[in-house]
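Thanks for coming. I will go through one structure today, helix by helix, and keep it short.

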Amino acid sequence: MTDRRFDDSPRGQLAEAFQALSEAAVRAGWGEGDVARALCELAEEYLIEISGKAITDGALHPRLADVIPIRKH
């Protein structure tokens, strides 16, 4: 994997942690493709979880509203 520099923003910190997790999985013997798929699945599960919470709570965070459309019946 490539060595990247990250800024100190929350997104940069998350990206750095994400890269560290990915590299740890590769060092543990996972293939890069397997790591990528597993992380995508985890991200999808997290998105589904927070979407469900948003629906249950009846409101979305403004930044999520662009990503998670809610249909009103």
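Helices here are DSSP runs of H or I with at least four residues, numbered from the N terminus. The model is predicted, so local features need pLDDT of at least 70 and side-chain atom pairs count only at pLDDT 80 or more, while totals for chains, interfaces and linings use all residues. Residues are numbered from 1 along each chain as its sequence is written, and side-chain values use heavy atoms, with hydrogens and water left out.

Start with α1, residues 10–27. The expected span is 1.5 Å times one less than the number of residues. For these 18 residues that gives 26 Å, and the end C-alpha atoms are 26 Å apart, which agrees.

Which residues of α1 are buried? They are G12, Q19, S22 and A25, where buried means under 20% relative accessible area, exposed over 50%, and partly exposed in between, with a 1.4 Å probe and protein chains only. Seen down the axis, the buried residues of α1 fall within an arc of 145°, so they line one face; the arc is taken from the directions from the helix axis to the C-beta atoms. On the face turned away sit the exposed residues P10, L14 and R27. After α1 comes G29, with a positive phi near 110°.

Now α2, residues 32–57. R37 and D34 form a salt bridge, with the closest N and O atoms 2.6 Å apart. The term means a side-chain nitrogen of Lys or Arg within 4 Å of a carboxyl oxygen of Asp or Glu, and the structure holds 1. Both residues lie in α2, 3 residues apart, about one turn. D34 counts as partly exposed because its relative accessibility is 40%.

Technical notes:
Helix = DSSP H or I, 4+ residues; strand = E, 2+ residues; numbered from the N terminus.
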